[in-house]
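Please look over the structure shown below. The questions and answers after it go through the model step by step.

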Amino acid sequence: MVEAGKLPFHMLRDQGNALAARFNILNHLPGDLKQLYLGFGIDLEASNGEDSWTLPVPGSYVVDSNGTIRYASVDADYTKRPEPDETLAALESL
Amino acid sequence: MAGLQQKLDAIRARFVKKAPAEAIETMHRATQQLVEELARAPGLGVGDPMPSFRLPDQDGTLVDSNDLLARGPLVLSMYRGHW
């Protein structure tokens, strides 16, 4: 996706999930899930460049220019994501 | 318009059809554990200050959240990447 051309937004690398930790959205994968993922060919150590097997819980936030969070959509079920329209509506309501 | 979630649900349904029951059970248990952890220790939400950050972008250029906020509000999406 990055190679497809210039992105109109920043894609930032949160190496080691330090920022995710400050948002309190860390997910430490349990051992049996890790084994399952390895069986699927998903190796988070290879993807993340470190072996903590930690992921961020997916989250979308709208932050006003004072730095205050005005909308937060976080779901432990990572198959559930907010509709982009909902996030944009939150932005437009500022 | 429920476009995105419909697509995600279709992907999930296809996976559930093919995956062994034990795999589904392991994933479900892990999600339940995470639901409980988040209930005990919720993440940042409305009214909380966003932690400031300075992180590299796809070109390795450091991006400072204070510079971004000086230009206006932000939409921030946290998700699993593959580097």
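**Contact between the two chains**

Q: How many salt bridges does the rule find across the interface of chain A and chain B?
A: A salt bridge is a side-chain nitrogen of Lys or Arg within 4 Å of a carboxyl oxygen of Asp or Glu. This is a predicted model, in which local features need pLDDT of at least 70, side-chain atom pairs count only at pLDDT 80 or more, and totals for chains, interfaces and linings use all residues; side-chain values use heavy atoms, with hydrogens and water left out. Residues are numbered from 1 along each chain as its sequence is written, while chains are lettered from A and ligands numbered from 1 in the order in which they are written. Across the interface of chain A and chain B, the number of salt bridges found is three.

Q: What area do chain A and chain B bury between them?
A: Buried area is the accessible area (1.4 Å probe) that two parts lose on being put together, summed over both. Of the area buried here, 64% is on carbon and sulfur atoms. The value for chain A and chain B is about 4800 Å².

Q: Which strand of chain A pairs with β3(B)?
A: Strands (E, at least two residues) and helices (H or I, at least four) are DSSP runs, numbered from the N terminus. Two strands pair if DSSP finds at least two bridges between them. In this case the pairing is antiparallel and runs over five bridges, with V63(A) opposite L74(B). The partner of β3(B) is strand β3 (residues 59–63) of chain A.

Q: Which residue of chain B meets D77(A) in a salt bridge?
A: D77(A) lies in the loop between β4 and α4 of chain A and is buried, with a relative accessible area of 16%. Leaving aside neighbours within four places in sequence, D77(A) is in contact with R12(B) and T31(B). The salt bridge, 3.1 Å from N to O, is with R12(B).

Q: Which four residues are linked in a network of salt bridges?
A: D77(A) also meets K80(A) in a salt bridge of 4.0 Å, N to O. K80(A) is partly exposed, with a relative accessible area of 31%. The network consists of D77(A), K80(A), D9(B) and R12(B).

Q: Why does the salt bridge of D32(A) and R29(B) join two chains?
A: The closest N and O atoms of D32(A) and R29(B) are 2.8 Å apart. D32(A) lies in helix α2 of chain A and R29(B) in helix α2 (residues 21–40) of chain B, so the pair joins two chains. Both ends count as partly exposed: D32(A) at 34% and R29(B) at 39%.

Q: How many residues apart in sequence are the parts that D64(B) and R54(B) tie together?
A: These two residues form a salt bridge, with the closest N and O atoms 3.3 Å apart. D64(B) lies in strand β2 (residues 62–64) of chain B and R54(B) in strand β1 (residues 54–56) of chain B, so the parts tied together are apart in sequence by ten residues.

**Backbone and confidence**

Q: What is the phi of W53(A)?
A: W53(A) is in the loop between α3 and β2 of chain A and is buried at 4% relative accessibility. Although W53(A) is not a glycine, the phi is positive, at about 50°.

Q: What is the mean pLDDT of chain B?
A: pLDDT is the predictor's confidence in each residue, from 0 to 100. In chain B, 95% of residues reach 70 or more. The mean for chain B is 93.

Definitions and conventions:
Buried means under 20% relative accessible area, exposed over 50%, partly exposed in between (1.4 Å probe, protein chains only). Contact means heavy atoms within 4.5 Å.
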